[in-house]
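Please look at the chain below before reading on. The paragraphs that follow take up its charged side chains, some contacts across the sequence, and its backbone angles.

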Amino acid sequence: EEEAASVSFEAGDMCFGGMAATDLLNLERFGKQDPYIKVKIGDIKGKSSTKDNAGSDPTWGDEVLKLEGVSALLLRRAGVVRVEVWEDNVIKDKLIGSAELSVAPFMEAFAKGRRAPPTELQLTGKKGQPAGAVQLSAWLEAGSEGAAAETAEDLKEAEEEKDAPVLVESAPEEDVAATSPPPVDTTFKKGTLTFASMACSELLNLETFGKQDPYIKIRVGKLKAKTTTKDNAGANASWGEEQIAIDDLTREQL
């Protein structure tokens with residue numbers, strides 16, 4: 001049989017189904033925890049229903065979680081989907097663990113007219129510890145024909161505009177000099193240096209008893225910044241979405 005023609009994804013929905021989790025880290029002191037799944041790519045987020053009293057091995061059955069309005073450009077820029085499992089708590093929800101899912105397999109599957117096989121992701125807790133695993137299937141669904149055609153037309157017009165010759169009317173030298181804007185200086189002069197996605201592994205152990213409590217310190221000249229301390233994180237610590245910054249940094253200091 002001849003292989004079906006390749007069709008590239010332009011815009012539509014990203015779907016998640018067959019969702020389940022096993023051996024989740026238990027954050028509930030009394031009774032069983034109530035987990036739910038949260039997914040995020042770029043600024044687009046979605047979450048599943050909460051599975052009350054499901055404990056460490058929840059399953060979401062036939063439920064399908066959708067991220068609507070996803071574009072090929074967003075997928076290529078992000079590269080991964082962040083998948084998180086949370087404990088639904090009355091006072092404040094708690095992150096059980098997170099992982100990243102590459103978008104490449106289900107973009108390739110869409111191009112070939114099929115779905116990527118189910119996958120299992122190993123979750124990491126806030127302190128870098130193993131937090132169980134999540135199983136799911138992910139696939140792309142194209143938007144309406146009108147929306148897809150509009151997106152394709154926009155891309156075509158953008159390419160045509162990029163390749164089209166630019167016509168410039170000649171002007172007297174004195175007029176060009178008078179109307180030309182001054183060059184833009186894009187050199188960094190003063191601002192903020194930010195650090196994120198911080199984690200460490202296989203740290204040298206300096207604690208005789210129990211697990212060590214690491215933090216990260218950044219220094220540029222006399223300017224300093226430090227993270228929160230990760231109590232009992234041991235040799236493998238993670239700071240999740242925490243960010244630290246050095247403010248009022250000048251070019252000379254760099």
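Which residues form a positive surface patch? The patch is made up of Lys217, Arg219, Lys224 and Lys226. The model is a predicted one, in which local features need pLDDT of at least 70 and side-chain atom pairs count only at pLDDT 80 or more, while totals for chains, interfaces and linings use all residues. Residues are numbered from 1 along each chain as its sequence is written, and side-chain values use heavy atoms, with hydrogens and water left out.

A patch takes residues with over 30% relative accessible area and no salt bridge, joining like charges within 9 Å and nonpolar side chains (Val, Leu, Ile, Met, Phe, Trp, Tyr) within 5 Å. Lys and Arg count as positive and Asp and Glu as negative, with His and the chain ends not counted; the place of a charge is NZ of Lys, CZ of Arg, CG of Asp or CD of Glu. Accessible areas come from the Shrake-Rupley method with a 1.4 Å probe, and for residues only the protein chains shown count as cover. Strands β11 (217-220) and β12 (223-226) each supply at least two residues of the patch; strands (E, at least two residues) and helices (H or I, at least four) are DSSP runs numbered from the N terminus. Arginine 219, in strand β11, counts as exposed because its relative accessibility is 58%. The classes are buried (under 20% relative accessible area), exposed (over 50%) and partly exposed (in between), with a 1.4 Å probe and protein chains only.

Side chains of opposite charge can pair when their charged atoms come close. The structure holds 2 salt bridges, each a side-chain nitrogen of Lys or Arg within 4 Å of a carboxyl oxygen of Asp or Glu. One joins glutamate 141 to lysine 66, with the closest N and O atoms 3.4 Å apart. This pair links distant parts of the chain, since glutamate 141 is in strand β8 (residues 130-142) and lysine 66 in strand β4 (residues 65-71), 75 residues apart. Glutamate 141 is partly exposed at 27% relative accessibility, and lysine 66 is partly exposed at 38%. In the other bridge, glutamate 84 meets arginine 82 at 2.5 Å, N to O. Glutamate 84 is buried, with a relative accessible area of 5%, whereas arginine 82 is partly exposed at 23%.

Which charged side chain is buried yet has no salt bridge? That is lysine 230, for which the nearest side chain of opposite charge, glutamate 242, is 4.6 Å away. Lysine 230 sits in the loop between β12 and β13 (237-238). Beyond its neighbours within four places in sequence, the contacts of lysine 230 include Lys126, Asp213 and Trp239, a contact being heavy atoms within 4.5 Å. Glutamate 242 lies in the loop between β13 and β14 (244-250) and is buried at 18% relative accessibility. Glutamate 242 and methionine 198 are 44 residues apart in sequence, with their C-alpha atoms 7.7 Å apart in space.

Methionine 107 belongs to helix α2 (residues 104-111). Leaving aside neighbours within four places in sequence, methionine 107 touches Leu75, Arg76 and Leu140.

Most residues other than glycine have a negative phi, and most peptide bonds are trans. Aspartate 23 has a positive phi of about 55° although it is not a glycine; its place is the loop between β1 (11-22) and β2 (35-41). Asparagine 53, also not a glycine, has a positive phi of about 55° and is found in the loop between β3 (44-47) and β4. Aspartate 23 is exposed at 59% relative accessibility, and asparagine 53 is exposed at 53%.
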